[in-house]
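The sequence and the structure come first, and the description follows by topic.

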Amino acid sequence: MKVRRSMLFVPGDKPAMLSTAFVYKPDSVMFDLEDAVSPREKDSARLLVFHALRLPAYNDIETVVRINPLDSAYGLEDLEAAIRAGADVVRLPKTDSANDIRELESEVERLEKQYGRPVGETKLMAAIESASGVVNALAIATASPRMIAIALAGFDYLVDMRTRRSGGSEPELFYARAAVLHAARAAGIDAFDVVYGDVNDDEGFLREVQIAKQLGFNGKSLVHPRQVDLLHRAYAPTGEELEYAKRVIAAAEAAHRTGLGVVSLDGKMIDPPVIDEAEMVLSRAYVA
Amino acid sequence: MKIAKEAIVGTLESSDLLVKVAPNDSGILDIVIRSEVIKQFGKQIRRVIDQTLSKLEVSEGTIIVEDKGALEYAIRARVQSAVLRGAASEELNWEQLS
Amino acid sequence: MTEFDFSAVRPEDSPQDVEEVKALLAASQLQFDTEIEVLVLCRARDRLIACAGLDHNVIKCVAVAKDFRGKSLSLRLGSEIVHLAAGRERFHLFLYSPPHNRDLFQGWGFYPLVEVPDLVLLMENSPIAIKSYCDLLRLQKSPGNRIGSCVLNANPFTLGHLFLVERAAADCDWLHVFVVREDASVFAYEDRFALVAEGVKDISNLTLHQGSEYIISRATFPGYFLKEKATIDHSWAAIDLLLFRAYIGPALGITHRYVGTEPFDAITDNYNLDMKYWLQEAQSTKEPISVVELPRMAINSTPVSASAVRRLLTEGDFDSIKNLVPATTLDFLEMKYSTAAQSAEGAELK
């Protein structure tokens, strides 16, 4: 299974960052053509990202491109660049409805065929940035078999809700977080928590990570390289959790090898969800 | 492609480059490169620029590059963007940009 | 990750911003230049920490707060202002700077042209523009040992100008005449140039050159970071003359520069003194250019001057003007400034 704890945002107009983001070993790298790039530079950033995507350094890291909305002057060309360059995932900002995803999917398929990529190879993820997006979260998450994740974009969502972040327990984000999480779980895809913008506040960042982890988020969208390691450590299982998970997996593999239909460990039956969980725990093992 | 008007792309920041193109009606490519690492990498930078322009079928114009230690991929991207901005039409032909 | 926010404003739209810019500039011993059309501002959490201004194709008023001086902010500032200028179709940019900032602006992709030691450095954003310009000039080089030159504002072209040009041409194997492309003249550059062209068309050993960005007019010279007016005047003259001696002169093989004396105009008189210094005397790797002062043509012992013509124009005294200008200039003035149009424009002429 693909672990997705950290999705590192990289501004598409900064060559220095585009070529070095892989160094921080995030689970996914998101090249941003949308909010990070001024209108004046949309064209040049697109080409930078097109070329950066093809750097050998990104062969082994999941690459995501945040395109501009398809109804903007830039979205379709962004998509072409992404597909042509072999991006793994396309992230659609401001996803309000399942139709947005279906529309995107249709363009992606057309482009995959045009550029000779295996149809279905490019995955999709949706960013929820509005009230509509939140209430449509489940429909969005299930709108396409290509969907692999759904992310909550806090800032724009709160603007739409006519409020702002309060720090602390933040009731203003509760429903949106819950909705996005439920949608993700029901659809069997990953859920990403909001960006933490104060890059100098490690404590605040880690507090928020704990909340997200406890709620069940797979990971978080990150805006600074140093957040990657902090996040990976925070998500790391304890020694005991890791041990147990390894034993579960070993038991499952043993059962599989011997053709037994049932997996057991310490005298107890291990259901598939427990095995899934063990896999997830293993995937989160911290590697420096 | 033909460079029909002046255009500029890029920044002066580290690992980036500023590329300026202008038409020159002289039938030749006048390429000027300034770089802090011109001694070590001047030839490579020039080669990448030549290749990029050749793929775009640009045969005349004045190209001035202020390099701040950019990698090849960034040089390609910036030169391509500059030519596209300077060209009359902005049709993207991905074959020529790959 | 926007630690720094860049924005662009027009000074007239944001007096509050201008106040902050003035304070930032003052901290670097700079004054605000009122000719600036647009300002690039950089803020860190609402605090103004860097600025740069654009006036036509000249960058001015560049400052970075002391506690933010490291290369990268300044380079971002440079990128922003260069792109701002490009958005206004201005690709060939100039910059006047205190000499100690040379390295900073070289990082911006600017190249030194000429320097008045300890006072001002002129730079442009191209490693080859001056060379290309000189290459073009060189194509118009004429053979001969005594190659003269005149630089005229011709605001408008008078008999005095004609007299100067005729004398200079007679004195030399060839004469190169330049018309200053100055925005602040009463008469538009196209008109001034056309009148000069008409006026000199019968002189066979003469080449008339369009004004270039390398002939600096006093009006567009930014002396905002120099303290006194006299210093500003001298610095402008020096920059203009250094460019002439270092680049324009050599490209055309110019050996002499002709200028009219102006006994009643202290500014011109000082300029002529500066001219003798910078073209003839100052230490230079370039050949000196001899300055030849010709007494102004006079009619009834009154020197013929363009300012006199402009004064007469405000009075509508075309009869007096007739004595001071060639026929072609008179025709132009009458056509443009006849009594009908005069009342509306008369007020503007001063």
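The points below cover the fold, the sheet, the helix on the sheet and the interface.

The model is predicted.

**Overall dimensions and contacts**

- Along the principal axes, the C-alpha atoms of chain B fill a box of roughly 35 × 30 × 20 Å.
- Buried residues make up 46% of the 98 residues of chain B.
- Among contacts in chain B with a separation of 6 or more, 77% involve residues 24 or more positions apart.

**The sheet**

- The four strands of chain B form an open sheet in the order E1-E2-E4-E3, and their pairing is mixed.
- The edges of the sheet are taken by strand E1 (7-10) and strand E3 (29-35) of chain B; each has a single partner strand, so one side of each is left without a neighbour in the sheet.
- On average, and with direction ignored, neighbouring strands of this sheet are turned by 10° against each other.
- E1(B) runs antiparallel to strand E2 (residues 17-22) of chain B, and four bridges join the two.
- In E2(B), the residue that stands opposite Gly10(B) is Leu18(B).

**The helix on the sheet**

- Helix H1 (residues 38-55) of chain B packs on the sheet, where it touches E3 and strand E4 (61-67) of chain B.
- The direction of H1 makes about 145° with that of E3(B).

**The interface with chain A**

- On the chain B side, 17 residues are in contact with 13 residues of chain A.
- Helix H2 (72-86) and helix H3 (94-97) of chain B each supply at least two residues of the side of chain B that touches chain A.
- H2(B) provides the largest share of that side, with seven residues.
- By residue class, the side of chain B that touches chain A comprises 10 nonpolar, four polar and three charged residues.

Note on methods
Residues are numbered from 1 along each chain as its sequence is written. Chains are lettered from A and ligands numbered from 1 in the order in which they are written. This is a predicted model: local features need pLDDT of at least 70, side-chain atom pairs count only at pLDDT 80 or more; totals for chains, interfaces and linings use all residues. A residue is buried if 20 or more other C-beta atoms lie within 10 Å of its own, exposed if 12 or fewer, and partly exposed in between; C-beta atoms are placed from the backbone. Two residues are in contact if their C-beta atoms, placed from the backbone, lie within 7 Å. Ala, Val, Leu, Ile, Met, Phe, Trp, Tyr, Cys and Pro count as nonpolar, Asp, Glu, Lys and Arg as charged, and the others, Gly among them, as polar. Two strands pair if DSSP finds at least two bridges between them. Axes are lines fitted to C-alpha atoms, for helices over the stretch in contact, and angles run from 0 to 180 degrees between N-to-C directions.
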